[in-house]
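User: I have just opened this one and would like a walk through it. Could you start with a detail and then work outwards?

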Amino acid sequence: GPLAALCLVMTRYRDFGAAQAGRTCGLTLLAGVLCGIAAGFKQPSAIYGVGVGAAVLVVPASWPRRVALAVAFAVGAISGVLASGGWWMWHLWSALGNPLFPFYNDLFGSPMALASDYKKVFYLPDSLLARLFFPITYTLDPSVTSDAAFRDHRILACFVLVPLAAIAALLRNTRRTDMLLAWPIPTRILMIFVAITYAVWVA
């Protein structure tokens, strides 16, 4: 769902700045629905929806249009969540007093669970420095993120190579003060999605 939504935004970005406001809002609404459906089926997928929603703000359009697109995305995301998980959330609310049971029970106060958010904080980095260098940490030692011995060096490669590429591009053209604006629009959309999603995930 979120990857399909990201693909939609990246491939149809020219349409977002077009004059047909209804069409562009419809595309953004669809992207939101795709992200919302995924979050309704599996709540941790919501972090990807945050990334796609932020990427929508990068499309070439006026700021009033971008705000309208962000609202359309949010409406679509909420609709998607209700379509895929709303019935189960209503059941949990009716039976247990918490639509996300047992999570965030410190907010909902269900008598069927402790007053806790039930987040598994054991694997979360505990400082800003740890969050910044987390790609290096969990590539060298996968046990800091999971009980499974899983390695993926692509994230570390991006973590190292993307800043180096930005520095190299800056050195090649020192007159450019904003390297993000010098990138092709699909690249901007992808990089904003990755950066925001990672920041939400690691937090």
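**Aromatic side chains and helix packing**

Analyst: With a relative accessible area of 44%, W88 is partly exposed. Please keep in mind throughout that this is a predicted model.

User: Which kind of pair do the rings of W87 and W88 make?

Analyst: The ring centres of W87 and W88 lie 5.7 Å apart and the planes stand at 65 degrees, so the pair is edge-to-face. W87 counts as exposed, because its relative accessibility is 60% and the cut-off for exposed is over 50%.

User: How many aromatic pairs does a search of the whole structure find?

Analyst: Six aromatic pairs turn up when the whole structure is searched. Among them is the pair of W87 and W88, whose planes are at 65 degrees. Y138 and W201 also form an aromatic pair, again edge-to-face, with 6.0 Å from centre to centre and 90 degrees between the planes.

User: Where do Y138 and W201 lie?

Analyst: Y138 belongs to helix 8 and W201 to helix 11, so this pair ties together parts that are 63 residues apart in sequence.

User: And is Y138 buried or exposed?

Analyst: Y138 counts as buried, because its relative accessibility is 10% and buried means under 20%. W201, by contrast, counts as partly exposed at 39% relative accessibility. Both residues belong to one aromatic cluster, which is formed by F134, Y138, Y198 and W201.

User: Which ring does the charged end of R66 sit over?

Analyst: That is the ring of W63, and the charged end of R66 sits 4.6 Å from the centre of that ring.

User: Let's step back to the fold. How many helices and strands does the chain have?

Analyst: The protein chain has eleven helices and zero strands. Buried residues make up 31% of its 203 residues, and among the contacts with a separation of 6 or more, 50% come from residues 24 or more positions apart.

User: How do the axes of helix 4 and helix 11 cross?

Analyst: The axes of helix 4, residues 46-56, and helix 11, residues 185-202, come within 8 Å of each other and cross at roughly 145 degrees. The crossing in which helix 4 passes helix 11 is right-handed.

User: Which residues meet there?

Analyst: From helix 4 the contact involves I47, Y48, V50, G51, V52, A54 and A55, and these meet I189, I192, F193, I196, T197, V200 and W201 in helix 11. The residues of this contact divide into twelve nonpolar, two polar and no charged.

User: Changing topic, what joins F101 and P102?

Analyst: F101 and P102 are joined by a cis peptide bond, with omega at about 0 degrees. P102 lies in the loop between helix 5, residues 63-96, and helix 6, residues 105-108. Y104 is found in the loop between helix 5 and helix 6 as well, and it has a positive phi of about 55 degrees although it is not a glycine.

User: Why do you bring up those two?

Analyst: I mention them because most residues other than glycine have a negative phi, and most peptide bonds are trans.

Notes
Residues numbered from 1 in each chain as written. Predicted model: local features only at pLDDT ≥ 70, side-chain atom pairs only at ≥ 80, totals over all residues. Heavy atoms only, no water. Axes fitted to C-alpha atoms, helices over the stretch in contact; angles between N-to-C directions. Helix = DSSP H or I, 4+ residues; strand = E, 2+ residues; numbered from the N terminus. Left-handed = near helix turned anticlockwise from the far one by under 90°. Contact = heavy atoms within 4.5 Å. Nonpolar A, V, L, I, M, F, W, Y, C, P; charged D, E, K, R; others polar. Phe/Tyr/Trp six-rings, centres within 6.5 Å; stacked < 30°, edge-to-face > 60°. Buried < 20%, exposed > 50% of the residue type's maximum accessible area, 1.4 Å probe, protein only. Lys NZ or Arg CZ within 6 Å of the ring centre and 35° of its normal.
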